[in-house]
Amino acid sequence: MFIRVCLAGATGWAGSELARGIARSPDVSLVAAVARRHAGQVLGDVLQEPLLTSRVYGSAAEALATPCDVFVEYTTPDTAKANILTALEAGVHVVVGTSGLTEVDFDEIDAVARRQTRGVLACGNFALTVVLLQRFAEMAARLIPQWEIIDYAHDDKVDAPSGTARELAARLSRVRAPIATVPVEQTVGLPEARGATLASSQVHSVRLPGFVISAEIIFGMPDQKLTIRHDSGSSAVPYVDGALLAIRRVATLVGVHRGLETVLDL
Ligand SMILES: NC(=O)c1ccc[n+]([C@@H]2O[C@H](COP(=O)([O-])OP(=O)(O)OC[C@H]3O[C@@H](n4cnc5c(N)ncnc54)[C@H](OP(=O)(O)O)[C@@H]3O)[C@@H](O)[C@H]2O)c1
């Protein structure tokens, strides 16, 4: 028995590394891939990995004509929602790696997933070290009522805040809303300088050449502060094991679930 996967974004930075990871996994099989520029080609020829024999299709709808168990979304924020809904309507479980979806998008996806009794596991970051950042931040937020989030990324990242920052803010809002000594709307000068308010947290996104992806949360207390920070390296390798775990476990879920620890025993 193996899990049949359709991978959208299979030729991209993150998707191609996951495709190679699937090729090395005896219990997971890549049966279809989605990417526009290489549509019609064999994925293994594009990635120079002979074990990847599936075809590349130009759209999710075409790729989903090949029966599969799990659809993995790794394209762009503006394509992701339509792809996810197409997969759910086709009766397939979904793993979402793409960032940039909003809470409203997830509410809509959740309704369709529950109607279809299918699972959606959305992870803004599949790296184990980011899962730990989120868990440690939740622990700190129980004891420290004031914090702000900073996300750093390469200059050509189109979405902001990052998926990691969005997920972090959403998680911390379930612990408590942070207390602002001066509420943002009472800022003298430019309230925008205080960042975006996301699920009650202030989030600041830096987009500059020289950065890969980092997430930082600063907790402040009188005369002391705690900084928890994660830095990604330059390859997509750290995301592979987490994405494979999500692929293996998503069929145990119904509706939208956020974060890899949904399926981790932490
Ligand atoms: N969750 C995580 O751990 C994690 C890790 C890394 C990245 N990400 C997120 O994953 C997403 C992809 O990142 P990336 O760096 O891999 O991007 P990328 O290198 O630009 O790859 C995007 C992939 O999607 C395909 N694509 C784009 N638009 C498409 C469309 N309309 N229809 C079909 N295929 C389309 C591209 O191929 P064509 O252009 O040929 O269509 C390519 O294969 C981003 O949102 C990123 O933030 C998440």
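The ligand is surrounded by 23 residues, with Thr-11, Trp-13, Arg-36, Ser-99 and Phe-126 the closest; a residue is near a molecule if one of its heavy atoms lies within 4 Å of it. This is a predicted model, in which local features need pLDDT of at least 70 and side-chain atom pairs count only at pLDDT 80 or more, while totals for chains, interfaces and linings use all residues. Residues are numbered from 1 along each chain as its sequence is written, and side-chain values use heavy atoms, with hydrogens and water left out.

**The ligand and its shell**

By class, the shell around the ligand holds nine nonpolar, 11 polar and three charged residues. Here Ala, Val, Leu, Ile, Met, Phe, Trp, Tyr, Cys and Pro count as nonpolar, Asp, Glu, Lys and Arg as charged, and the others, Gly among them, as polar.

| Residue | Backbone atom | Ligand atom | Distance |
|---|---|---|---|
| Gly-97 | polar | nitrogen | 3.0 Å |
| Cys-123 | polar | nitrogen | 2.8 Å |
| Gly-124 | N or O | nitrogen | 3.3 Å |

On its own the ligand has 920 Å² of accessible area, and the protein covers 82% of that. Accessible areas come from the Shrake-Rupley method with a 1.4 Å probe.

**Pockets**

The ligand takes up the space of the largest pocket. A molecule sits in a pocket if more than half of its atoms lie within 2 Å of the pocket's grid points. On a 1 Å grid over the protein atoms alone, a pocket is an open set of points with protein on both sides within 12 Å along at least five of seven lines, a cavity is a set where a 1.4 Å probe fits but cannot get out, and lining residues have an atom within 4 Å of a point.

The largest pocket contains about 1,000 Å³ of space, a volume being the space filled by probe spheres set on the points, which are joined across faces, edges and corners. Its lining has 39 residues, and Ala-14, Tyr-74, Thr-75, Thr-76 and Thr-98 lie nearest its centre. Helix 1 (13–23), helix 4 (77–89) and helix 7 are the elements that give two or more residues to this lining. Helices (H or I, at least four residues) and strands (E, at least two) are DSSP runs, numbered from the N terminus. The lining of the largest pocket divides into 13 nonpolar, 21 polar and five charged residues.

The second largest pocket has about 220 Å³ of space. It is lined by 16 residues, of which Glu-148, Ile-179, Ala-180, Arg-194 and Gln-202 are the closest to its centre. Strand 7 (147–153) and strand 9 (201–207) each give at least two residues to this lining, which consists of seven nonpolar, six polar and three charged residues.

**Cavities**

Across the whole structure there are two cavities of 30 Å³ or more. The largest cavity has a volume of about 90 Å³. Among its 13 lining residues, Thr-98, Phe-106, Gly-124, Gly-163 and Glu-167 lie nearest the centre. Helix 7 (residues 163–175) contributes the most to this lining, with three residues. The lining of the largest cavity comprises five nonpolar, five polar and three charged residues.

In the second largest cavity there is about 50 Å³ of space. Its lining residues include Asn-125, Asp-151, Ser-162, Ile-213 and His-230. Strand 10 (residues 213–221) supplies the largest share of this lining, three residues. By class, the second largest cavity is lined by three nonpolar, six polar and one charged.

**Backbone features**

Ala-160 and Pro-161 are joined by a cis peptide bond, with omega about -5°. Pro-161 lies in the loop between strand 7 and helix 7. Gln-48 has a positive phi, near 55°, in a residue other than glycine. Gln-48 is placed in the loop between helix 2 (43–47) and strand 3 (55–57).

Note on methods. Polar contact = N/O pair within 3.5 Å; in protein donor to acceptor, adjacent residues only side chain to side chain.
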